[in-house]
Amino acid sequence: MTLVAEPLSREELARSTAKRLRRQTNEGGGEGMRKILIIGIGSGNPEHMTVQAINALNRADVLFIPTKGANKTELAEVRREICARYVTRSDSRTVEFAVPVRRTEGVSYDGSVDDWHARIATIYEGLLSEELGEEGVGAFLVWGDPMLYDSTIRIIERVRARGQVAFEYDVLPGITSLQTLCASHRIPLNLVGKPVEITTGRRLHESFPEKSQTSVVMLDGEQAFQRIDDPDAWIYWGAYLGTPDEIVISGRLADVKDRILETRAAARERMGWIMDIYLLRKGVDFDE
Ligand SMILES: C[S@@+](CC[C@H](N)C(=O)[O-])C[C@H]1O[C@@H](n2cnc3c(N)ncnc32)[C@H](O)[C@@H]1O
């Protein structure tokens with residue numbers, strides 16, 4: 001038997017779109033089950049918050065803010081500022097919780113991440129069951145966008161799979177550090193019609209420049225760009241993007257490499273922490 005899908009009528013399409021938007025924005029939750037909102041908050045500038053994210057913040061009875069460990073004090077401060085600026089309802093609460101530090105000794109990388117996620121899942125489970133009523137709405141404020149080098153979705157799925165607390169959840173997108181980097185340098189992410197790789201400092205050697213003409217590097221504790229020896233490589237680097245301390249440097253890698261290393265080391269010393277991201281490129285656009 002062949003099933004042919006009938007196209008939706010204009011009214012059906014409107015109803016289905018409205019239902020989807022209701023689910024993603026202001027309504028839903030409070031329908032007999034806890035609701036979790038995983039909200040992307042942008043990467044440092046409170047003005048990165050989308051209207052959808054602001055509406056979601058105001059839908060939450062409890063706002064969960066990570067404080068220690070991997071999340072530096074300054075990042076918690078941006079989250080607090082976002083709540084102070086955008087939460088207009090007076091009956092919601094903020095609950096801060098400490099994120100454990102990942103244990104690295106005596107385990108493989110995958111084993112260490114798995115153990116870390118399991119411990120965070122236990123914390124989330126406690127937060128959901130102790131801080132949220134059975135029909136309550138809780139929000140996790142995720143740096144940048146939850147889909148990019150962030151495990152909140154994975155951990156929430158893990159909590160769901162354990163089956164101890166019943167809930168449903170939605171994800172609301174945010175502005176990533178990658179978008180902020182490109183905007184600050186006023187560059188497109190990709191060369192015309194070309195792919196892009198997003199990777200970590202640890203794995204950069206696997207891609208650029210042999211396999212990828214554009215590589216974006218995040219989570220780089222070793223400044224992997226210093227080992228790239230290619231006269232045609234360009235770098236677009238940024239630290240503390242979106243914040244008042246933002247620093248950006250760009251140029252031919254061979255020419256600016258040392259300046260980035262010195263600037264980064266000095267900033268890290270001054271601030272006590274650093275978050276940076278960069279894009280490496282080889283080749284130019286047709287219209288450049
Ligand atoms: C755990 S990942 C989180 C990424 C985040 N979900 C996003 O959408 O950008 C942290 C990495 O993102 C990058 N990053 C995040 N915010 C940044 C910022 N404001 N300035 C520079 N790099 C940033 C850095 O490479 C950092 O090591």
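Around the ligand stand 20 residues, of which G144, T176, S177, M218 and L241 come nearest; a residue is near a molecule or strand if its C-beta atom, placed from the backbone, lies within 6 Å of it. Strand 8 (233-239) and strand 10 (276-282) are the elements that give two or more residues to this shell. Helices (H or I, at least four residues) and strands (E, at least two) are DSSP runs, numbered from the N terminus. By class, the shell has 10 nonpolar, 7 polar and 3 charged residues, where Ala, Val, Leu, Ile, Met, Phe, Trp, Tyr, Cys and Pro count as nonpolar, Asp, Glu, Lys and Arg as charged, and the others, Gly among them, as polar. Domain 1 (11-175) and domain 2 (178-282) each supply at least three residues to the shell, with domain bounds taken from an automatic or database domain assignment.

The model is predicted: local features need pLDDT of at least 70, side-chain atom pairs count only at pLDDT 80 or more, and totals for chains, interfaces and linings use all residues. Residues are numbered from 1 along each chain as its sequence is written.

In the protein as a whole there are 7 helices and 10 strands. Five of the strands can be followed as an open sheet: its 5 strands have the order 3-2-4-1-5, with parallel pairing (two strands pair if DSSP finds at least two bridges between them). Strand 3 (93-97) and strand 5 (167-172) stand at the edges with a single partner strand each, so one side of each is left without a neighbour in the sheet. Strand 1 (residues 34-40) pairs with strand 4 (residues 137-142) over 6 bridges in the parallel sense, and G40 has V142 of strand 4 as its bridge partner.

Helices pack on this sheet too. Helix 3 (residues 73-86) touches strand 2 (62-66), strand 3 and strand 4, and its direction makes about 160° with that of strand 2. Contact here means C-beta atoms, placed from the backbone, within 7 Å; axes are lines fitted to C-alpha atoms, for helices over the stretch in contact, and angles run from 0 to 180 degrees between N-to-C directions. Helix 5 (residues 152-162) lies across strand 1, strand 4 and strand 5, at about 165° to strand 1.

Some backbone details are worth a look. The peptide bond from F208 to P209 is cis, with omega near 0°, and P209 lies in the loop between strand 6 (197-200) and strand 7 (214-218). R186, although not a glycine, has a positive phi of about 55°.

Methods. Two residues are in contact if their C-beta atoms, placed from the backbone, lie within 7 Å.
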